[in-house]
Amino acid sequence: SEIALEELPGVGPATAEKLKEAGFNTIEAVAVASPSELATTAEIGESTAAKIINAARQAADIGGFETGDLVLERRKLVGKLTTGCAEFDEMMGGGIETQAITELYGEFGSGKTQVAHQLAVNVQMDKEHGGLGGSVIIIDTENTFRPERITQMVKGLSEKYGMELNPEEFLQNIHVARAYNSNHQILLVDSATDLANELKEMGKPVRLLIVDSLMAHFRAEYVGRGTLADRQQKLNKHMHGLLRFGDLFNACVVVTNQVMAKPDAFFGDPTRPVGGHIVGHTATFRLYLRKSKGEKRIIRLVDSPSLPEGEAVVAVTMAGLTD
Ligand code: ADP
Ligand code: MG
């Protein structure tokens with residue numbers, strides 16, 4: 001936006017500074033914030049925060065209501081990122097969508113991190129090859145990002161398309177940060193926003209944000225029922241930060257999630273993703289990954305606003321994710 005934060009009524013230089021420090025760099029970012037979130041970060045009252053948000057919405061032309069044709073206009077910008085597997089892409093209606101959170105959940109070793117790595121490669125390809133011509137930000141909470149694996153996958157794509165792709169260049173477009181605890185993880189979304197603004201100016205727009213894994217820190221830190229409400233509140237803030245990122249940058253947001261045993265399940269699958277209703281309601285697409293024979297993996301689309309449930313079989317090979 002051309003308008004500076006300081007030009008909003010009620011925002012002095014000190015408040016503007018606090019907002020920027022918290023990652024609210026633009027009018028658009030303020031416009032989609034919640035009053036309580038803004039009040040806390042900028043140390044202002046909630047009613048002042050609400051007034052600032054309203055002013056930002058008017059300035060940024062983001063109203064509370066939109067007509068359907070405008071929603072359609074924005075939806076036209078939605079990009080679809082290929083998974084590299086025909087069946088998987090088809091199940092997703094073309095690929096992983098931008099402006100949405102896609103959750104990959106499944107047991108240890110089911111291939112969540114492999115899919116995330118493959119998407120980090122694919123998104124850098126041009127449209128013709130199923131990519132979005134963008135760069136990647138990864139929030140790595142389990143220290144499972146492996147540049148060597150990216151190199152293997154780039155070589156796989158070189159073979160597939162008969163192109164000379166340089167793994168080094170692909171690695172240069174992947175920005176990885178380790179998250180050391182859940183607070184750090186939440187703050188890294190703000191840093192990601194700063195970085196994405198810089199990269200956008202450099203002509204390297206971020207089209208994919210990965211959080212692998214979403215829940216590991218939250219689970220480890222919040223044990224016992226007493227702190228559950230607190231955990232869910234922080235998780236809610238985190239999920240909405242991720243959604244906002246996807247909207248602001250027209251990026252895919254991909255999060256991985258663990259499963260836990262469902263003690264009350266007599267029928268169907270005895271596992272479910274962790275994170276409860278907060279994650280369930282905020283993730284736009286939920287994908288359940290299961291191991292099958294050898295390198296085969298079964299991916300099930302469990303929840304989607306507009307697509308039928310379905311299953312796709314993929315393979316995790318040295319060259320990456322394939323049919
Ligand atoms: P998680 O769901 O826990 O994130 P991963 O995505 O890390 O699981 O999947 C690990 C599995 O991926 C390994 O058990 C192996 O089957 C497969 N895998 C990892 N690297 C390779 C590779 N270079 N070639 C073939 N398969 C691989
Ligand atoms: Mg993993």
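Contact here means heavy atoms within 4.5 Å of each other, and in this predicted model N250, leaving aside its neighbours within four places in sequence, is in contact with L77, V78, G79, T98, Q99 and R207. The chain is assigned two domains, domain 1 (5–59) and domain 2 (73–322), with bounds that come from an automatic or database domain assignment. Residues are numbered from 1 along each chain as its sequence is written, while chains are lettered from A and ligands numbered from 1 in the order in which they are written. Because the model is predicted, local features need pLDDT of at least 70 and side-chain atom pairs count only at pLDDT 80 or more, whereas totals for chains, interfaces and linings use all residues, and side-chain values use heavy atoms, with hydrogens and water left out.

- The centres of domain 1 and domain 2, taken over C-alpha atoms, are separated by 30 Å, and the contact between the domains takes nine residues from domain 1 and seven residues from domain 2.
- The size of an interface is often given as the accessible area lost when the parts come together.
- Between them, domain 1 and domain 2 bury about 630 Å², with 49% of it on carbon and sulfur atoms; buried area is the accessible area (1.4 Å probe) that two parts lose on being put together, summed over both.
- One salt bridge is counted between domain 1 and domain 2, a salt bridge being a side-chain nitrogen of Lys or Arg within 4 Å of a carboxyl oxygen of Asp or Glu.
- Across the interface of domain 1 and domain 2 there are two residue pairs in polar contact, both at pLDDT 80 or more; a polar contact is a pair of N or O atoms within 3.5 Å, where within protein one must be able to donate a hydrogen and the other to accept it, and residues adjacent in sequence count only if both atoms are side-chain atoms.
- By class, the side of domain 1 that touches domain 2 has five nonpolar, two polar and two charged residues, where Ala, Val, Leu, Ile, Met, Phe, Trp, Tyr, Cys and Pro count as nonpolar, Asp, Glu, Lys and Arg as charged, and the others, Gly among them, as polar.
- The side chains of R244 and E37 form a salt bridge, at 3.4 Å from N to O.

- N250 sits in the loop between α12 (228–249) and β7 (252–257), where helices (H or I, at least four residues) and strands (E, at least two) are DSSP runs numbered from the N terminus.
- With a relative accessible area of 16%, N250 is buried, given that buried means under 20% relative accessible area, exposed over 50%, and partly exposed in between (1.4 Å probe, protein chains only).
- The side chain of N250 makes a polar contact of 2.6 Å with that of T98, and another polar contact, of 3.0 Å, joins the side chains of N250 and Q99.

**Salt bridges in the structure**

- Side chains of opposite charge can pair when their charged atoms come close.
- The structure holds 10 salt bridges, among them that of K76 with E73 at 3.4 Å, N to O; K76 is exposed at a relative accessible area of 57%, and E73 is partly exposed at 44%.
- E97 and K80 meet through their side chains in a salt bridge of 3.7 Å, N to O, which links distant parts of the chain, with E97 in strand β2 (residues 96–97) and K80 in strand β1 (residues 80–81), 17 residues apart.
- Of this pair, E97 is buried, with a relative accessible area of 8%, while K80 counts as partly exposed at 36% relative accessibility.
- E103 forms a salt bridge with R286, with the closest N and O atoms 2.4 Å apart, and this pair also links distant parts of the chain, E103 lying in strand β3 (residues 100–106) and R286 in strand β10 (residues 285–291), 183 residues apart.
- E103 is buried, with a relative accessible area of 0%, and R286 counts as buried at 12% relative accessibility.
- Salt bridges that share partners join R290, R300, E309 and E311 into one network.

- E201, in helix α10 (residues 182–201), is exposed with a relative accessible area of 75%, and its C-alpha atom is separated by 36 Å from that of L289, 88 residues apart along the chain.
- E169, in helix α9 (residues 167–172), counts as partly exposed at 46% relative accessibility; E169 and Q124 are 45 residues apart in sequence and 9.8 Å apart in space, C-alpha to C-alpha.
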